[in-house]
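Here are a few notes for when you have the model open.

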Amino acid sequence: MLLLGTFTSWLLLAFLGQQVLLSSAVRNKKWGAGGKGSSSATSGRGKFPIVADKMQCTWVAKEIGDAVRLTVKCENPEARVTGGVTDLECQYNGKPQLCPAYGSNRQSFWKQVTRAFKRHQGKVCKDERALVKASVCKSAPRDVHFKLDIHSSVASAQSGGHPEIPPTLPPSPRSTPKAGAASAVGPAGPSPTACSGRVDSKRKAEEHCSSSWASLCTFFFSMLQSDEC
């Protein structure tokens, strides 16, 4: 009986020890995936505007070996219609693991990175001298801070979408000849009614003169009319 009791006690202790180890493993796994002491940078993300360029930007952190890379993407939907820079993309690299505050308070660290991007504004993806610094690591070595990889910067632009309205042209000078200008065809000939006076003179001569004087009367009335034919 004594031997059986001792064996049972050992089995119970072994079982309890296994449960403790399993619980510890699960806790460590959760801590590594998203806790403050996590070595993963997947929780690092944020957004900020570039006011002057009317752009909305987002950034996402990713661990690359012993460093962390921030991928920044910006877009301006309005520029797709009015013209200008529509998209902007670049990468920043740093080693925040060298700063103790990065490991102790990861959430606060990423919030300060977003504030740093907001301060840079027009320098984002353009100026490699402008380091992105978290305030909690301000005094840390230079390698801690995020530096722009200038070769990763890519910008896309588009011309305006509205078609240009052609200006209204003045009428051609040929369509409005100047007053008093001579016709290119030649001098104007007599109008269809220019010789109507001759017909009227002959009719009057027939009415007022006898047939023997008709020719002379016609000539006389023609002189009075002064019509040119």
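1. Cys90 is in strand 4 and Cys125 in the loop between helix 4 and strand 5 (147-148), so the pair ties together parts 35 residues apart in sequence. Bear in mind that this is a predicted model. The sulfur atoms of Cys90 and Cys125 are 1.9 Å apart. Cys90 is buried at 0% relative accessible area, and Cys125 is buried at 4%.

2. With a 2.5 Å cut-off on the sulfur pair, the count is three disulfides. Cys57 and Cys74 make one of them, with sulfurs 2.0 Å apart. Their link is right-handed, at 115 degrees about the S-S bond. It joins strand 2, which holds Cys57, to strand 3, which holds Cys74, across 17 residues of sequence. Cys57 is buried at 2%, and Cys74 is buried at 3%.

3. Cys99 and Cys137 also pair up, sulfurs 1.9 Å apart, in a left-handed link at -90 degrees. Cys99 is in the loop between strand 4 and helix 3, Cys137 in the loop between helix 4 and strand 5, 38 residues apart. Both Cys99 and Cys137 are buried. Pro100, in helix 3, is exposed at 69%, with its C-alpha 8.1 Å from that of Cys137.

4. Helix 4 (residues 106-120) spans 22 Å, close to the expected 21 Å. Its buried residues include Phe109, Trp110, Val113 and Phe117. What do the buried residues of helix 4 pack against? Strands 1, 2, 3 and 4, plus helix 3. Just past helix 4, Gln121 has a positive phi of about 45 degrees.

Note on methods. Residues numbered from 1 in each chain as written. Predicted model: local features only at pLDDT ≥ 70, side-chain atom pairs only at ≥ 80, totals over all residues. Heavy atoms only, no water. Helix = DSSP H or I, 4+ residues; strand = E, 2+ residues; numbered from the N terminus. Buried < 20%, exposed > 50% of the residue type's maximum accessible area, 1.4 Å probe, protein only. Expected span 1.5 Å × (residues − 1). Contact = heavy atoms within 4.5 Å.
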